[in-house]
Amino acid sequence: MKRAIYDEVQRPQIHYTPKKNWMNDPNGCIHVNGIYHLYYQYHPFSSQWGPMHWGHAVSTDLISWEELQIALYPDDRCGMAFSGSAVLDGENTSGLFDTEGGIAVLYTGHTSTHGTQRQQQCLAVSHDDGKTLVPYEHNPVIPSMGRSDFRDPKVFRHDESSSWVMVISAGKHLELYRSTDLKQWELASSCVLEGTGEHHLYECPDLLLVPSEDSTGTARWMMCVSLLKDDVSTAGGNAYAFGAFDGYVFTQSERLKTFDHGYDFYAMQSWANMDDGRAVIIGWINHWGYAHVTPTAPWRGGMSIPRELTAKKDADGTWHLVQQPVAELQAYHLSPWQLGLDDYNRPLPLDGGRAHEIRMEGMAADTDLLEICLSNPCDQQVTVRISTRDLLLSVDRQHTCCDQFDQEFASVIEAAIPTTAATLDVTILVDRSVLEVFAAGGMLVLTNLFFTSQELDHITVTGDGKRIDRITITPIRSIWETT
Ligand code: FRU
């Protein structure tokens, strides 16, 4: 049984979306007492961006979410509640809890008076397990000092130096602050990531430890940023770099690379307080170039599938990021089926209302083209093309229905398959209006939206079935289905 409200044609079935109205960045991602909290930028009165509140959803498995009441409101002292992050102040270092400690969040207070924008950093704490966040009475904890682009604090515990550390965007550079009580903060360092390019404004930075896949298992520090470009009509507005971090300074050691090569992945944030050592992130699946006009109702904006990150070293010693959907998604898999040799080059029916995983394993190198086309009877389609000869992968969303809402939207998004990839395996997650591709074993990821007027209920795989070991198609149970 499905709840009607989550069954609109465009409504993702395994990706989180709010019941109604506008959503952007994930905020305050934290895992406490077995509950994953996902707060997010939310406008409760409209499906357009507006006075930002923090919406709130909770999950026990990172896949099914329950939407709760709004957790944080704009107020007179701080203004709108822009993006930020959460920590567990378990030892009550802030002195703002009674005995036990609890969830504390740092976020940007945003005001705009007569066209002048000011941003300052504010603290709020929860006395009810995260349901409501109460702003600190002496906010801000870091004043604006006249800055108009000073936002999106990501705070984490650095045990080695017994301190809280904040990484924050200050426009075209990042700043690192330190604190022992979450209330008084001192600037520790500033940095610009080499390779960012001209005119990029940083947003939503994150500095996290990523477990490595090498034999030592040593975790690597990674800085991630979203890049607000002057020209927002391009893909890949996000980047990461590995490096070293001593509690004060981040020293970039590797080239800056694109985190997700699609158009629709932004403002990623990692979960705090994971007790199993995993690095898990989530991103907003949209693009500032057209986020305000995407044809969905009564909601606008959604989240990616949470992804587990690992770091992998190639033969010449360079570190790469590997991303995979969190393993918890597998519990939602329904009965899989595999393509036989005579299933190639002809349309096969799919249960169009469901999300699907399409997994391609053992693709021969030097193959001209494998094409996976998902279509409906109205000739609307979205197509993934893979050439292991040219090492190119593309997502074609030119032939969807509602592409008139934005000039740039109907496009082919192309990315190079890394030459260092140990495997050419590709996993596609397709979910009504969202398509995430994890190629080269997770070294190349692309997230793109597409919009059709009817569900995609056929799949055609074009290519030589003898040049691939296996294609497995797995329908996935909807997170909105009640069992
Ligand atoms: C990123 C962003 C943040 C800001 C928030 C406002 O998408 O622009 O920098 O805090 O959205 O909603």
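## Contacts along the chain

Two residues are in contact when heavy atoms of theirs lie within 4.5 Å. With that in mind, look at this predicted model: among contacts between residues at least 6 apart in sequence, 60% join residues at least 24 apart.

## Overall build

Let's start with the secondary structure. The protein chain has 34 strands and zero helices. Its C-alpha trace spans about 70 × 50 × 40 Å along the principal axes.

How does the radius of gyration fit a compact globule? For 483 residues, such a globule would have a value near 23 Å, and the 22 Å of the protein chain agrees with that.

## Surface and charges

Of the 483 residues, 61% count as buried. The accessible surface comes to about 18,600 Å², and carbon and sulfur atoms account for 48% of that area. The chain carries 35 positive and 63 negative charges, yet their mean positions are 1 Å apart.

## Backbone details to look for

Most residues other than glycine have a negative phi, and most peptide bonds are trans. Here are some spots that depart from this pattern.

The bond from Asn 139 to Pro 140 is cis, with omega near 5 degrees; Pro 140 sits in the loop between strands S8 and S9. The bond from Ala 297 to Pro 298 is also cis, with omega near 5 degrees, and Pro 298 belongs to the loop between strands S19 and S20.

Asn 21, in strand S1, has a positive phi near 75 degrees. Is Asn 21 buried or exposed? Its relative accessible area is 11%, under the 20% cut-off, so Asn 21 is buried. Asn 345 also has a positive phi, near 60 degrees, but lies in the loop between strands S23 and S24. At 48% relative accessible area, Asn 345 is partly exposed.

Conventions:
Residues are numbered from 1 along each chain as its sequence is written. This is a predicted model: local features need pLDDT of at least 70, side-chain atom pairs count only at pLDDT 80 or more; totals for chains, interfaces and linings use all residues. Side-chain values use heavy atoms; hydrogens and water are left out. Helices (H or I, at least four residues) and strands (E, at least two) are DSSP runs, numbered from the N terminus. The radius of gyration is taken over C-alpha atoms; the globule rule is 2.2 Å times the number of residues to the power 0.38. Buried means under 20% relative accessible area, exposed over 50%, partly exposed in between (1.4 Å probe, protein chains only). Accessible areas come from the Shrake-Rupley method with a 1.4 Å probe; for residues, only the protein chains shown count as cover. Lys and Arg count as positive and Asp and Glu as negative; His and the chain ends are not counted. The place of a charge is taken as NZ of Lys, CZ of Arg, CG of Asp or CD of Glu.
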